[in-house]
Amino acid sequence: MDITKIVITGGPCAGKSTAMSWIQNAFTQMGYTVLFIPETATELITGGVAPWTCRTNSDFQKCQLRLQFDKEAAFTQAANTMDSSKVLIVCDRGALDNKAYMDDLEFARVLEYLDTNEIELRDNYDAVFHLVTAAKGAEEFYTTENNSARTETVEAAAALDDRLISAWTGHPHLRIIDNSLDFEAKMKRLIAEISSFLGEPEPFEIERKFLIEYPDIRWLESLPNCQRVEIIQTYLRSGDAEEVRVRQRGCDGHYIYFQTTKRNVSDIKRVEIESRLSEKEYVRLLMNADTTKRQIRKDRYCLTFENQYFEIDVYPFWKDKAIAEIELSCEDAEITFPEQIKVIKEVTGDRSYRNASLAKL
């Protein structure tokens, strides 16, 4: 059985409720059993449990996260009992959404109370899809009338949307769906992004890569919409037509593990199949390491900018340059870089700048 758990998040009045109907229709037709975990905050608030009825906001957040964990565990347990080869669990908001509603001290206290960490909260999901609030780019459609738990003004909704994007920045599969097109096109793009992630009909990855000047690390680390991730990447023995690697990914002693297989279709388009590993599985696969290649260690700075998601890789053996990558929904999508990022040249089709080439001894 293939069970995938994704998050649909976004600012107030972003279209999440409508998105659930689109997801149900689209992926049921593709043969998925689709399960929906309702938004926990709305359940609690409409039931009388709210930040203003609890003693403190932290007390409310503890209740909300505890209920979120229990619901996700129950749905996963149920999914494992179903007669289905493909189950898609869709969370109407995920655990890390709560971070946007707390200051740093409150968030740290809640993590300590629940005996967890930010990496586990964020990367417990296979993918995250953020729908941008109508308050950013479609203000004439913003309303609070269709949700009794929604009270934000346009300005507050836009600010909250930014905090939610910042909270999820660092996830390996974050996609931001903006309001640049009409609402129906927004929903179609969401379905296309989820389909691409699930590998329907094939797991294509459209990615462009740029050689950039060595970035200002202090500037990156000062940004609320940027997260540093430590990566150790090991290539395994494989055939000539494919590339197989395992990766340790995380920060501050908290890590998750993946195996990825890639096959080139064109210079910017590849078939990519990725699976989550346990720590024991990861260690076992390391025994199959390709000894003709060195292990790649790098700091990845995940940066959201104008609804784009950049991954900036800083290597210890380069002091004057780095690599910036961006995954795209279509091959001709326009890219806008922050002015602080200085592009030297595009290296998308240059095999010498691929990690597999950099790993050669």
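Author: Start at phenylalanine 258: arginine 276 in E10 stands opposite. Strands here are DSSP runs of E, at least two residues, and helices are runs of H or I, at least four, numbered from the N terminus.

Reader: Before we go on, what kind of model is this?
Author: The model is predicted, so local features need pLDDT of at least 70 and side-chain atom pairs count only at pLDDT 80 or more, while totals for chains, interfaces and linings use all residues. Residues are numbered from 1 along each chain as its sequence is written, and side-chain values use heavy atoms, with hydrogens and water left out.

Reader: Back to E10. How does E9 pair with E10, parallel or antiparallel?
Author: Antiparallel, over eight bridges. Strand E9 covers residues 254-264 and strand E10 covers residues 269-277. Two strands pair if DSSP finds at least two bridges between them.

Reader: What joins E9 to E10?
Author: A hairpin, through four residues.

Reader: Now the open sheet. What is the strand order?
Author: E2-E3-E1-E4-E5, five strands with parallel pairing. Strand E2 (33-37) and strand E5 (174-177) are the edges, each pairing on one side only. From one strand to the next, the twist averages 20°.

Reader: How many bridges join E1 to E3?
Author: Seven. E1 is residues 2-10, E3 is residues 86-92, and the two run parallel. Threonine 4 has leucine 88 in E3 as its bridge partner.

Reader: Which helices go with that sheet?
Author: Helix H3 (residues 57-79) packs on it and touches E1, E2 and E3. Contact means heavy atoms within 4.5 Å. The direction of H3 makes about 165° with that of E2. Helix H7 (residues 183-198) lies across E1, E3, strand E4 (127-131) and E5, at about 170° to E4. Axes are lines fitted to C-alpha atoms, for helices over the stretch in contact, and angles run from 0 to 180 degrees between N-to-C directions.

Reader: Switching to aromatics. How many pairs?
Author: Nine aromatic pairs. Rings of Phe, Tyr and Trp (its six-membered ring) pair if their centres lie within 6.5 Å; planes under 30 degrees apart are stacked, over 60 edge-to-face, the rest tilted. Phenylalanine 27 and tyrosine 32 are an edge-to-face pair, 6.0 Å centre to centre with 85° between the planes.

Reader: Is phenylalanine 27 buried or exposed?
Author: Buried, at a relative accessible area of 0%. Tyrosine 32 is buried too, at 6%. Buried means under 20% relative accessible area, exposed over 50%, partly exposed in between (1.4 Å probe, protein chains only).

Reader: What about tyrosine 125 and tryptophan 168?
Author: Their ring centres are 5.7 Å apart and the planes are at 75°, so the pair is edge-to-face. Tyrosine 125 is in the loop between helix H5 (118-123) and E4, and tryptophan 168 is in helix H6 (residues 154-168), so the pair ties together parts that are 43 residues apart in sequence. Both residues are buried.

Reader: Which ring does arginine 294 sit over?
Author: Phenylalanine 317, with the charged end 4.6 Å from the ring centre. A charge sits over a ring if NZ of Lys or CZ of Arg is within 6 Å of the ring centre and within 35 degrees of the ring normal. Phe317 also belongs to an aromatic cluster with Tyr315, Trp318 and Tyr353.

Reader: Last one. Where is aspartate 178?
Author: In the loop between E5 and H7. Aspartate 178 is buried, at 18% relative accessible area. Leaving aside neighbours within four places in sequence, aspartate 178 contacts Val132, Lys186, Arg189 and Asn307.
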